[in-house]
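Here's a quick briefing to read with the model open beside you. Have a look at the structure first, then work through the notes below.

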Amino acid sequence: SEAALIDFEAVVGTSPAYVNNPYWIMHKATFWATAGRLMLAAGGVTYTELANGIRTPMLLGYPVVFAQVMPRVEANSQVYALFGDFNLAAKAIEVAGGMQLATDTGGDNFTADVTAFRGVNRFGVTIHDVGNASATAASRIPGPVVGLITAAS
């Protein structure tokens, strides 16, 4: 399951042409243990870059967003990096009615000098354009987000 730079390049190459604003999502520890290590090993890094670090992590020219819910370590048969335009893959919408707020100072709240607040907001998430997962490699169609999965053991 050891990642190579060519694996990250293949993910970028798999991304459809209509994806205009892609970025990587991975755990911070995974980025530095895999992609960061591979970039340093590729050479061309100056002492200044090593001393100052990078302000916005980048990989193959695309920004990296750290998500601590992604796998922390590279293990067999897991998706540990995502690449694509997530705005094309899903939408979150507020359900009719919007935000509802209510206060209550009645009953015991009034005598205890307490105000109770309640907020209700309903929203929905729609996942769309996910491509397909055909068993035949030639029939697979990637969606706006593709993943890097490690090899099986």
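His27 is a buried residue, with a relative accessible area of 4%, well under the 20% cut-off for that label. This is a predicted model, so take what follows as a reading of the prediction. His27 sits in the loop between strand 1 and helix 2, and beyond its sequence neighbours within four places it is in contact with Phe66, Ala67, Gln68, Met70, Pro71 and Arg72.

- Helix 1 spans residues 5-14, and its buried residues are Phe8, Val11 and Val12.
- These three cover an arc of only 95° around the axis, which puts them on the same side of helix 1.
- What covers the buried residues? The cover includes strand 1 (23-26), helix 2 (28-41), strand 2 (58-59), strand 3 (62-66), strand 4 (79-84) and strand 9 (145-149).

- Strand 1 and strand 3 run parallel as a pair, joined over three bridges; Trp24 has Val64 in strand 3 as its bridge partner.

**The nonpolar core**

- The largest nonpolar core has 16 residues, and Phe8, Trp24, Met26 and Leu59 are the ones that touch the most other members.
- Helix 1, strand 1, helix 2, strand 4 and strand 9 each give two or more residues to this core.

**Aromatic pairs**

- The whole structure holds seven aromatic pairs.
- In one of them, the rings of Phe8 and Trp24 have centres 5.6 Å apart and planes at 70°, so the pair counts as edge-to-face.
- Phe8 belongs to helix 1 and Trp24 to strand 1, so this pair ties together parts that are 16 residues apart in sequence.
- Phe8 also pairs edge-to-face with Tyr80, at 6.5 Å centre to centre and 90° between the planes.
- With Tyr80 in strand 4 and Phe8 in helix 1, this pair ties together parts that are 72 residues apart in sequence.
- Buried or exposed? Phe8 is buried at 0% relative accessibility, and Tyr80 is buried too, with a relative accessible area of 1%.
- Ring pairs link Phe8, Trp24, Tyr62, Tyr80 and Phe83 into a cluster.

**Two positive phi angles**

- Leu60 has phi near 55°, a positive value in a residue other than glycine. You'll find Leu60 in the loop between strand 2 and strand 3, where it is partly exposed with a relative accessible area of 34%.
- Asp113 isn't a glycine either, yet its phi is positive at about 60°. Asp113 is in the loop between helix 5 (108-111) and strand 7 (116-120), and it is exposed, with a relative accessible area of 74%.

Conventions:
Residues numbered from 1 in each chain as written. Predicted model: local features only at pLDDT ≥ 70, side-chain atom pairs only at ≥ 80, totals over all residues. Heavy atoms only, no water. Buried < 20%, exposed > 50% of the residue type's maximum accessible area, 1.4 Å probe, protein only. Helix = DSSP H or I, 4+ residues; strand = E, 2+ residues; numbered from the N terminus. Arc of directions from axis to C-beta. Contact = heavy atoms within 4.5 Å. Pairing = 2+ DSSP bridges. Core = buried A, V, L, I, M, F, W, Y, C linked by side-chain atoms within 4.5 Å. Phe/Tyr/Trp six-rings, centres within 6.5 Å; stacked < 30°, edge-to-face > 60°.
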